[in-house]
Amino acid sequence: MAATVTTTATTTGKTWGGGNEPMGASYGKMMMWFFIVSDALTFSGFLASYGFSRFKFLETWPIADEVFNHFPFLHGVDAPMYYVALMTFILIFSSVTMVLAVDAGHQMKKNKVAVYMLLTIVGGFIFLGSQAWEWKNFIKGEYGAVETTGGSILQFVNTDGERVSLDDFAATLPTDREQSTKSNGIWFEDGPTLGEYTVAEVVAGFKANPDLLVRTEVINADKQKTILSREESITKLQDATIVVRGANLIRNEYGHKLFADFFFFITGFHGFHVFSGVLINILIFFNVILGTYEKRKSYEMVEKVGLYWHFVDLVWVFVFTFFYLV
C-alpha cells in the first residue's frame, strides 16, 4: 500500500499542478464554484423558510410597499421601493464593472483592471451604506403602534386611511415610571427600555381625537389592512399591552414579528457577503496596482473574485424579488 502511494505521488507530481484540470477549470476556480454552490443552497434554504412562513401568516404579513417607502432627503414623501430599487441598480452596475475588469485582465491591461476594480469597490461601499441606512429606518420606525395581549399589532390612521404617528396624538399624563436596571438594586437584570409613551397615554390621546381609527394587521379582500370603526377601535384598544416603535427581533410595529426576523437575518447575511466581497476586491485591487498579476502573467484571481461578486449580485436579485416585490 505504501509503495502504491509513493508511485502515484511520483507520477502525478504536484496536486492539480497542470495538465489535470476537470472541465478545463483550475483548482482555484473549481473551489470557488464549490463554495458558490454550497452558499447558493444556504440562501435557498433561507428564502424557502421565508416563503413558507409568509404563506402560513399570509393574512397578517406586512405590506412591503408600506415598510420600505423612505428615500433620502424626501422626508414624509411616500416612495415605495424607490430606494431599494436604486440599491439594486447600484449593485448590478457594480457587476458590470466587474465584468469589464475581468475582460481587461484577459487582455492583460493592468490600468483598466485597476479602474474597473475601483469602480466595483465604490459600488459595493455605496450598497453597504444604503443597506445600513435602510436598517436604520426600519429599526427606528416612523409612526409607532401598540401590541395587544395576543401579540397583534394595532396601527393608527385618520378617516382617510392615512397613517398617523403617535407623536401627533399621544397625551401627556403624570406618570411615575422607573427603568428596571441592575444598578438600582431592585432588579436582578435590566428590564426592557421604557418607550416614549405608555399605553395609557396613547389610549387617552386616541379617545381625545375623534378622527382617529385603529388599523389592524389583517389584510382584507382588497389587499389592504382592515380599518375598524370608532367603536370597534376603542374596544380593541382595551387589549393593548405595550407601545411599539420601530422593529427588532422581538417586536415589530409594521406587523408580524417574523417579518423583521427574516429581514434582519437574510439581508444581514447577504450584507455580510457584500462586505466580505468588498474586502477581497480591495486586496485584489492592491495586488493589481503592485503588478502581482502582471508578474504571474495571469489575472485569474480577478476572474475568481469576479465569480464571487456576480454570485452575491445574483442572490440579491432573488432577495429583492421574493422579499420586497412578491
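In what order do the five strands of the open sheet stand? The legends below begin with this point. The model is predicted, so local features need pLDDT of at least 70 and side-chain atom pairs count only at pLDDT 80 or more, while totals for chains, interfaces and linings use all residues. Residues are numbered from 1 along each chain as its sequence is written, and side-chain values use heavy atoms, without hydrogens and water.

**View 1. The open sheet has the strand order β4-β3-β2-β1-β5, with antiparallel pairing.** β4 (225–227) and β5 (240–244) are the edge strands, each with a single partner, so one side of each has no neighbour in the sheet. From one strand to the next, the twist averages 35 degrees. Strands (E, at least two residues) and helices (H or I, at least four residues) are DSSP runs numbered from the N terminus, and two strands pair if DSSP finds at least two bridges between them. Strands of a sheet pair through backbone hydrogen bonds, either parallel or antiparallel.

**View 2. Strand β1 (residues 145–148) is joined to β5 by four bridges.** These two strands run antiparallel. Within the pair, E147 stands opposite I242 in β5.

**View 3. Helix α7 (residues 230–237) lies across β1, β2 (153–157), β3 (213–219) and β5.** The helix runs at about 80 degrees to β3. Axes are lines fitted to C-alpha atoms, for helices over the stretch in contact (heavy atoms within 4.5 Å), and angles run from 0 to 180 degrees between N-to-C directions.

**View 4. The largest pocket has a volume of about 690 Å³.** Its lining has 28 residues, and E66, N69, H70, E142 and Y143 lie nearest the centre. α3 (64–67), α5 (110–140) and β4 each supply at least two lining residues, with α5 giving the most, four residues. The lining divides into eight nonpolar, eight polar and twelve charged residues. Here Ala, Val, Leu, Ile, Met, Phe, Trp, Tyr, Cys and Pro count as nonpolar, Asp, Glu, Lys and Arg as charged, and the others, Gly among them, as polar. On a 1 Å grid over the protein atoms alone, a pocket is an open set of points with protein on both sides within 12 Å along at least five of seven lines; a cavity is a set where a 1.4 Å probe fits but cannot get out; and lining residues have an atom within 4 Å of a point. Grid points are joined across faces, edges and corners, and a volume is the space filled by probe spheres set on the points.

**View 5. The largest cavity has a volume of about 80 Å³.** Among its lining residues are V67, F68, W133, E134 and Y254. α4 (82–106) and α5 each supply at least two of the lining residues, and the largest share, four residues, comes from α5. By class, the lining has seven nonpolar, three polar and one charged residues.

**View 6. The second largest cavity holds about 30 Å³ of space.** This cavity is lined by I63, E66, V67, Q155, R163, R215, K225 and Y254. By class, these are three nonpolar, one polar and four charged residues.
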